Amino acid sequence: MLNKLNIFKWFKPSKPAPSRDTLSDVFKVKYERFKELLDSNAELSKIITDMEEKLQGHQLFGMAYLRSQSARAVFHTLRMVRSLDALSGQKYPALFTILEEINQKIKDDLGKRKESPMTEWILPYSRITKEMVDWVGGKNANLGEVLNLAHLPIPEGFAITTQAYNYFLAANDLVDEINRIRMELNPNDPDSVNEVSESIQRLIISSPVPHELSKAILYAYDHMMENLQRKTDGDFSTSVSLRSSAIGEDSELSYAGQYLSMLNVSRERLIQTYNFIIASLYTPRAIAYRVSKGIRDEDIAMSVACLQMVESVASGVAYSRHPFNILEDDVLISAVWGLGPYAVDGVITPDSYKVAKNDALSILATDISHKPVQLVSNPDGGLMELPVEPELQDSPCLTPDQIRLLADYVVKLEKHYGCPQDTEWAVDGKGKLLILQTRPLRLESPPIENLCQIDEQLTCYELLLQGGEAAYPGVGSGKVYQVHSEDDLAGFPEGGILVAKHSSPKFVVVMNKAQAIVADSGSVSGHMASLSREFQVPTLMNLKKATATLTNGMEITVDAYSGRIYAGRVPELLNFQAAREAHMENTPVYEALKKVAESIVPLHLYDPKSPTFAPKHCTSLHDIMRLVHEFSYTEMFQISDLVSSGGGYALKLNARIPLDLYVIDLGGGLEDVGERVRKVEVEQVVSSPFKALLTGMLHEDLKHHIPRPVQLQGFFSVMSEQMLSNPHAADRFGDRSYAIISDKYLNFSSRVGYHYSILDSYCGQTMNKNYITFSFKGGAADDLRRIRRVRSISIILRELDFSVDVMGDRVDARLQKYDLSVIQEKLDILGRLLIFTRQMDMLMNSEGSVNAIATAFLNGDYHFDPTVPSGESAAEN
């Protein structure tokens with residue numbers, strides 16, 4: 001174990017100093033620990049920076065992210081503490097105790113969902129109201145409410161409660177294994193979402209439903225059939241529909257189509273189908289949806305609605321008002337022949353009706369579509385598609401009386417719930433109208449602009465398509481990406497326009513990337529339409545020829561206000577493009593992040609010379625990271641103090657650079673170094689990467705002895721920020737920098753004031769081994785100047801062909817698998833950049849400075865002065 005290693009047993013005052021060879025061996029052991037510490041320090045820094053970004057409330061994340069990042073943060077902190085313990089000879093045992101206390105607080109703050117007091121596995125709808133949502137989920141709770149308090153008809157049935165779900169998980173020991181698999185989720189990678197989904201669903205489906213639970217479900221089914229026998233003349237279906245009713249579903253956040261529902265299920269398939277619906281908690285689109293909406297996984301559970309199968313003559317969806325036009329308060333009804341999935345999944349363009357909310361329930365508009373096929377029950381189980389009788393294909397699905405009765409039901413539901421409703425309905429074989437489910441209708445109020453004033457300016461743009469219906473109005477521009485199957489979603493590009501033959505709720509996994517969605521068929525009452533409104537994606541449905549007209553890679557502009565699609569970018573329309581952000585604030589997962597971040601992100605230990613810079617004052621993982629990192633340098637280089645009679649092992653580099661730089665040679669990095677030498681010259685450096693870096697640092701045009709031009713405004717911003725944030729700031733200037741080298745390896749760490757950079761490189765003849773990683777963080781100025789500085793550095797690095805990642809005031813860059821000469825060239829330029837950036841904070845006085853300074857550096861103008869007019873150089877002034 002790392003914390004058992006004590007390398008200082010080698011050293012006793014009564015013995016002579018060890019030889020350089022012995023010292024080298026001991027140091028290499030220490031360096032392995034030190035390298036582990038540095039690796040974890042870099043990873044922990046990334047985690048903290050990432051959490052800081054998430055705390056701004058603009059990026060999407062879920063509880064799986066929070067658990068994973070918290071666990072990684074604790075792991076890397078523990079790794080650092082163990083490494084320091086090994087380096088120091090167990091000098092800091094208190095750090096283990098402090099870390100465990102912080103870790104326990106993180107676990108407590110992550111919390112667990114409260115146990116439900118419900119003990120029953122089955123509840124009949126006659127006992128259910130919406131207050132029971134924690135036990136039966138939104139769909140079941142609303143059905144009970146519709147039956148018992150709104151007094152409207154629903155199918156016969158019962159609810160399988162969340163307590164049954166919890167019992168299923170516990171009986172099969174699934175909770176820990178599901179949590180383990182979820183830790184591997186990367187919500188921004190569709191392949192990762194699919195892999196995690198497949199693993200968890202396979203685990204659930206392969207687990208048996210406990211015997212006692214199976215017995216209870218079948219008993220409830222048999223009891224329901226007995227009731228139907230008594231209430232009817234025996235002419236009823238013995239099949240049922242099983243519908244998901246998850247916690248949180250059908251409440252403030254619409255879970256449109258995210259979970260599984262199965263129709264026409266026989267008694268023999270009842271238990272296995274229940275298993276499938278539980279597993280649908282972890283479909284790719286359900287996982288992606290929860291992450292995007294900030295819903296914690298521990299706050300979900302699956303209840304299931306078991307309802308008499310309604311052999312629908314007609315079915316569909318009804319909205320109690322228009323979903324986005326706030327001026328239109330009429331009932332909107334969509335209807336198809338047969339079962340409802342074809343209406344909500346966008347397979348068939350439904351009939352549509354508009355009904356006024358007056359006493360007469362006047363039918364304001366009727367639009368009858370062509371409906372060639374319908375979905376019906378298969379006698380052998382499941383569903384099948386059949387052609388609609390020719391005389392009915394262009395006939396209305398509902399009579400005027402049925403339209404008004406349905407509108408009446410919907411108005412009553414809106415009045416009962418006190419908010420607009422999204423209702424699914426069906427008409428059975430005897431003409432009885434039934435409510436299948438209802439939930440709050442998510443309303444949007446996007447700005448509706450008058451486009452007439454710019455119509456004349458659009459005549460120069462090619463109009464590709466027009467018509468259709470807007471599921472969500474807005475404007476989006478980008479390149480067409482056609483989706484023909486779920487597999488195509490994995491390659492969907494950021495900022496693309498999704499084009500498909502018909503709408504699908506599966507598109508939710510890329511809605512955060514899409515600028516717009518266009519479909520040949522569909523309606524504003526479908527599941528995907530609901531999701532488009534939630535994600536605020538401009539969406540046009542029922543355009544008929546979109547997939548035939550819009551080819552992959554074509555750049556288009558979608559105007560979902562007027563139902564038009566133009567070739568190319570239309571700047572006049574893009575002025576109406578609203579910025580879409582994932583507003584995580586006030587969601588449960590964001591509140592959980594804020595609480596957990598209190599134990600991870602804050603830094604309270606600023607000054608290593610302060611008496612409070614000690615383990616007992618660490619209250620966050622960031623504190624421990626800062627302290628361990630600082631102490632590790634002291635421990636790493638303590639050998640030179642312990643064996644001062646034999647000379648130091650960290651050698652000061654004698655060079656005209658503005659750094660207090662010390663060199664540690666692991667072998668082959670320096671030449672002609674005597675046993676008692678304390679300093680080395682630049683000419684003695686033979687390490688390939690370090691030599692290249694020094695070449696850049698010593699570039700003659702940098703002239704380190706000449707002060708950089710500094711704007712007083714920037715200078716005072718830098719100094720005031722330091723002094724206000726840390727009274728010991730002045731002591732931070734002039735910190736040591738270190739280069740740990742071998743013949744082909746360099747680890748360079750530099751701290752100058754509050755600027756911190758790490759460069760790690762391998763530079764040899766084997767191209768596949770060669771790489772450069774570079775990280776830069778910090779600055780002494782205000783947030784705005786630091787962020788401008790990092791953006792400017794990122795521009796430079798991208799121009800140098802580095803892959804670059806910017807988070808807050810930190811930039812990370814990587815270059816790999818290049819020839820030796822290319823790596824040396826890049827290191828030379830990075831050496832210049834390290835010197836060039838020393839006072840960049842003070843020059844970042846405006847947005848224009850970001851590109852101007854980057855351009856100056858790339859052009860070799862290392863004395864850029866923003867006060868000098870373009871065309872003149874600072875040297876001339």
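**Close-up views of a predicted model**

View 1. S599 counts as buried because its relative accessibility is 2%, where the cut-off for buried is under 20%. The structure shown here and in the other views is a predicted model. S599 sits in the loop that runs between α17 (588-597) and α18 (621-636). Leaving aside residues up to four places away in sequence, the contacts of S599 are I102, K105, I106, D109, S620 and L621.

**View 2. The largest nonpolar core.** The largest nonpolar core of the model is made up of 47 residues. Within this core, F690, F748 and L797 have the most contacts. Helix α23 (residues 820-836) supplies eight residues, the largest share of this core. In soluble globular proteins, nonpolar side chains tend to be buried together.

**View 3. Phe690 within the core.** F690 is one of the residues with the most contacts inside the largest nonpolar core. With residues up to four places away in sequence not counted, F690 touches L653, L661, V663, V685, A739, I741 and L746. Another core, of 46 residues, lies apart from the largest one; its members include I160, V196, A279 and A286.

View 4. C618 has a relative accessible area of 6%, so C618 is buried. The number of disulfides in the structure is zero.

How values were computed:
Residues are numbered from 1 along each chain as its sequence is written. This is a predicted model: local features need pLDDT of at least 70, side-chain atom pairs count only at pLDDT 80 or more; totals for chains, interfaces and linings use all residues. Side-chain values use heavy atoms; hydrogens and water are left out. A nonpolar core is a set of buried Ala, Val, Leu, Ile, Met, Phe, Trp, Tyr and Cys residues joined through side-chain atoms within 4.5 Å. Buried means under 20% relative accessible area, exposed over 50%, partly exposed in between (1.4 Å probe, protein chains only). Helices (H or I, at least four residues) and strands (E, at least two) are DSSP runs, numbered from the N terminus. Contact means heavy atoms within 4.5 Å. A disulfide is a pair of cysteine sulfur atoms within 2.5 Å.
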